[in-house]
Amino acid sequence: MKNIITQFSRLFVGVLFIISGLIKLNDPVGFSYKLAEYFSEPVFNMPFLEPFALSLAIFLVILEVVLGVMLLVGYKASQTIWALLILIVLFTFLTFYSAYFDVVKDCGCFGDALHLTPWNSFTKDIVLLFFILILFFNQKLVKPLFSTSVTNIAVYLSVALSAFMAYWVLNHNPIKDFRPYKVGNNIEKGMEIPEGAPKSVVEMIFIYKVNGVDKEFTEKDLMNIPEGAVFVDRKDKIITEGYVPPIHDFTMTKDDSDYKEELLKEPKLLVFVTYDLAKSNPEGMKKLAKVTADAKAKGYKVIAMTASGTDEIAKAKKDYKLDVDFYFCDATTLKTIERANPSIVVIQKGTIVQKLHYNDLDKLQLSDVAYGI
């Protein structure tokens, strides 16, 4: 019975680590955004680690996949199980911290393929910790499945294939797009709230300065505010979160007006997406001027979307000779739309028909995006 439980734990942990790792390896940039969120000031206040978020993300996701393979084939069982234990203790701490302090809303354990609440993520890690502890106390039962040479080849091959996959998706697009802005999705429909969908329950909190200290009062406490208290601010506290549509922060703002309704009706719209012009790839930006000319010649309306300020926009238009209007959108939303900076999104009447990394602009097929499609 002990051996059966151990082998089940081995299979369960190994497969789950491989699946979780591959999903994140499909989109390491997205996982790096989650790590950067943990490093940010409101969470762990370690901003000096933010520049290393992508490198750390790639290392962790490859490690997940390889450790899963090592466990399944029985490669150096003791070291593998120790590594899994250390990793799951780290993940359990992070998910507990997120849930208890309500900071990072989604740990990104399964990327955009499966969104888990912080408490669900913590529960998942506790379950994994339980099975890894079974393996830890029964290490002698985790034996190699194949000869030493075959086992070594399996592990080395997993490292090589994982590294190649990371290289590929970083220089192109995720192999499988799980985001709400994937090709085929309609942006306007993604913003709709179904009839009868649950609404958020919100409590208004009033902040007053009492004897030099900011104190919070609910609506029912307003009658008990001490004399001399000075009103500071009011905020909304979400008691129960209602339905949130997949697309909820999408804007196309210019000169304090949102033009998304107008632009999403365009039958031939080509959008340059660059969440931060200062961080955009210079070689990629240089290619956009030619794309602009080709697209306009074929009847496309060409615009750009960014979260950068007017000075950076003016500089980019001058440096890269971009004859397009820039529209503002939140940086987080733009990072969700496309991982590359810059990238191209082709939209037909609100429906995304093509998305391209700046390395793949030679695959842009403007002639295929016609009115009747």
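Trainee: What volume does the largest cavity have?

Mentor: First, the general idea: rolling a probe the size of a water molecule over the atoms shows where empty space is left. A cavity is a set of points, on a 1 Å grid over the protein atoms alone, where a 1.4 Å probe fits but cannot get out. A volume is the space filled by probe spheres set on the points, which are joined across faces, edges and corners. Here, the largest cavity comes to about 50 Å³, and the structure holds one cavity of 30 Å³ or more.

Mentor: Some ground rules: this is a predicted model, where local features need pLDDT of at least 70, side-chain atom pairs count only at pLDDT 80 or more, and totals for chains, interfaces and linings use all residues. Residues are numbered from 1 along each chain as its sequence is written, and side-chain values use heavy atoms, with hydrogens and water left out.

Trainee: Which classes of residue make up the lining of the largest cavity?

Mentor: Lining residues have an atom within 4 Å of a point. Ala, Val, Leu, Ile, Met, Phe, Trp, Tyr, Cys and Pro count as nonpolar, Asp, Glu, Lys and Arg as charged, and the others, Gly among them, as polar. This lining has eleven nonpolar residues, no polar and no charged ones; among them are Tyr181, Phe250 and Met305.

Trainee: And which helix gives the most to the lining of the second largest pocket?

Mentor: A pocket is an open set with protein on both sides within 12 Å along at least five of seven lines. Helices are DSSP runs (H or I, at least four residues), numbered from the N terminus. Helix 4 gives the most, with five residues.

Notes. Helices (H or I, at least four residues) and strands (E, at least two) are DSSP runs, numbered from the N terminus.
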